[in-house]
Amino acid sequence: MLAFDLGASSGKMFLGNFNGSRLSMDVIRRFENRPTFLRNEIFWNVLDIYNNLEEGISIALQKERQINSIGFDSFSNDFGFLDKDGYFINQVHCYRDERTYRNADAIYARMPKDVMHKHSGNQNALFGTLMQLATMRLENQGYLLEGSGKMLFLPDLFSYFLTGEINSEYTISSVSQMMDFSKGNWSAEILDTFQIPRTLMADIVSPGTRVGKVNKTPIEVVAVCEHDTASAFLSAPMGEDAVIISSGTWSLVGVETQAHIISDYTFRHNIANEGGYPGHHRMLKNVMGLWLIQECQRAYVDIGQNFSIETLLGMAADETAFQCMINPNDERFFYPGDMPEKIREFCGQQGQPIPSTPGQIVRCVLESLALQYRLVIEELEQLTNRSYGSINIVGGGSYNVLLNQYVANVSGKPVIAGPGEATAIGNILVQLISFGEIGSIKEGRVMLKDSIEMKYYEPENQNAWNNRFEEYLQMIGEQEI
């Protein structure tokens, strides 16, 4: 089985083999996925991504003659249009494009944030699909909404390119700010308010549905949990008994629940409902994540300092603790460009020591991420009226030994790190269920404990971290005021 996992900085194709008791995963193709900056806009190179997808399938067929299925997952919110004859007609904007920022006030004037949350259960964020579509109306691009046949999220778009079948998978639809969880379908109130034609929206299909076959092959395309966070959470071996952090470009801090929770509390704390495989609903919050370090690394490369991530982490480990901190979710950090200077600017505005070296800046980021994780965990525990005994960190960030230890220290909870390729593994698990190879996600998680290596971190130096957390809460409160 193949898993095509598209991230905001890279894409990967995995070949998964299941022998009845253990799962093995091999990467057969990797490629960079960087947005293209054109004047004042940011786009994804969708055709290049598709070329890499086709090349990955070709390589896989050379390695393994019998491939049963493939599933696609990616970051959420971005989309392409097909015209009424099924032709692909637009360049795909990146969710970090500033167009939604320009129009946020006008959008929320049409439907206030609390009403939007009531209907969709999602977080309020500038990068949402609804925000992008509403912006198109406001910036004289409504003709694309009227003239198009269908809007497809990226995994469904690639599925269409290969099969000719049009669907909108449930988990990636659920985070668009346009789906009603109580109905499991598109929200008429939201679509009508923002003049989004109902005909633009494809029928929603459940994860595990086989939606077609790859052109001229017997390979089945399975609509897996196409939102990468949904797939990543499925692969967390500790499951519903732990706080799960999908750690990568974004950090998604969440817990599993049986059903959605939409309340004044979730609105005030901007906690998102996100659909998962049946029985694996998620309540979570976005934290800016390792994007901050990726952007710092890029800034250093631009001035001729070609530090690897490993080198930057080593520098950070050698720095003195608790010199300065940031709010990782401050709006300035969302957009690309000179991240070290933005961090220095934040620290200066807060009257803190200003970090000067790469090690000081990265140490500041890592400590701040851990502090923000604890804040979110406490909010989630209050929401669910539960105290979680451990934290399961999955995704590429699970290899970040320094950050993992900081999370254990500040939370006072043991951290279990792994699997690293969480999203692709979750993708494969849904394919295995679709073909009857395993009976449930729970069964898959038990199998994973025997198939993957996990690392364990116990809390250290808790008094110092508790004191720092109180200082962080004070800074966050003052910043909000």
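The paragraphs below walk through the sheets, cores and aromatic rings of this structure.

This is a predicted model, in which local features need pLDDT of at least 70, side-chain atom pairs count only at pLDDT 80 or more, and totals for chains, interfaces and linings use all residues. Residues are numbered from 1 along each chain as its sequence is written, and side-chain values use heavy atoms, with hydrogens and water left out.

Let us start with the sheets. Strands of a sheet pair through backbone hydrogen bonds, either parallel or antiparallel. Helices (H or I, at least four residues) and strands (E, at least two) are DSSP runs, numbered from the N terminus. Two strands are said to pair if DSSP finds at least two bridges between them. With that in hand, look for an open sheet of 6 strands in the order E3-E2-E1-E6-E15-E14, where the pairing is mixed. Its edge strands are strand E3 (23–32) and strand E14 (209–213), each of which pairs on one side only. From one strand to the next, the twist averages 25 degrees; axes here are lines fitted to C-alpha atoms, for helices over the stretch in contact, and angles run from 0 to 180 degrees between N-to-C directions.

Inside this sheet, strand E1 (residues 2–6) and strand E2 (residues 10–18) run antiparallel and are joined by 5 bridges. Helix H1 (residues 46–63) lies across E1, E2, E3 and strand E6 (69–74), and runs at about 140 degrees to E3.

There is another sheet to find. Here 3 strands form an open sheet in the order E4-E5-E8, with antiparallel pairing. Strand E4 (36–38) and strand E8 (92–93) are its edge strands, each pairing on one side only. E4 pairs with strand E5 (residues 41–44) over 3 bridges, and the two form a hairpin with 2 residues between them. Arg39 in the turn has a positive phi of about 55 degrees.

Next comes the inside of the protein. A nonpolar core is a set of buried Ala, Val, Leu, Ile, Met, Phe, Trp, Tyr and Cys residues joined through side-chain atoms within 4.5 Å. Buried means under 20% relative accessible area, exposed means over 50%, and partly exposed is in between (1.4 Å probe, protein chains only). The largest nonpolar core has 139 residues, and those with the most contacts inside it are Leu53, Ile70, Met178 and Ile343. Helix H14 (residues 358–384) gives the most to this core, with 14 residues. A second, separate core has 21 residues, including Val222, Leu234, Ile428 and Ile441. Back in the largest core, Leu53 is in contact (heavy atoms within 4.5 Å) with Phe4, Met13, Ile70, Phe72, Phe158 and Leu162, leaving aside its neighbours within four places in sequence.

A pair of aromatic rings is described by the distance of the centres and the angle of the planes. Rings of Phe, Tyr and Trp (its six-membered ring) pair if their centres lie within 6.5 Å; planes under 30 degrees apart count as stacked, over 60 as edge-to-face and the rest as tilted. The structure holds 21 aromatic pairs. One of them is the edge-to-face pair of Phe158 and Phe161, at 6.2 Å centre to centre with 70 degrees between the planes. Both lie in helix H6 (residues 154–163), 3 residues apart, about one turn of the helix. Phe158 counts as buried because its relative accessibility is 1%, and Phe161 counts as buried because its value is 19%. Ring pairs also link these two with Phe4, Phe31, Tyr50, Phe72, Phe88 and Tyr160 into a cluster.

Finally, visit a loop. Asn68 has its place in the loop between H1 and E6, and it is partly exposed because its relative accessible area is 33%. Not counting residues up to four places away in sequence, Asn68 touches Pro218, Ile219, Glu220 and Phe435. Arg210 lies over the face of Phe435, at 4.0 Å from the ring centre; a charge sits over a ring if NZ of Lys or CZ of Arg is within 6 Å of the ring centre and within 35 degrees of the ring normal.
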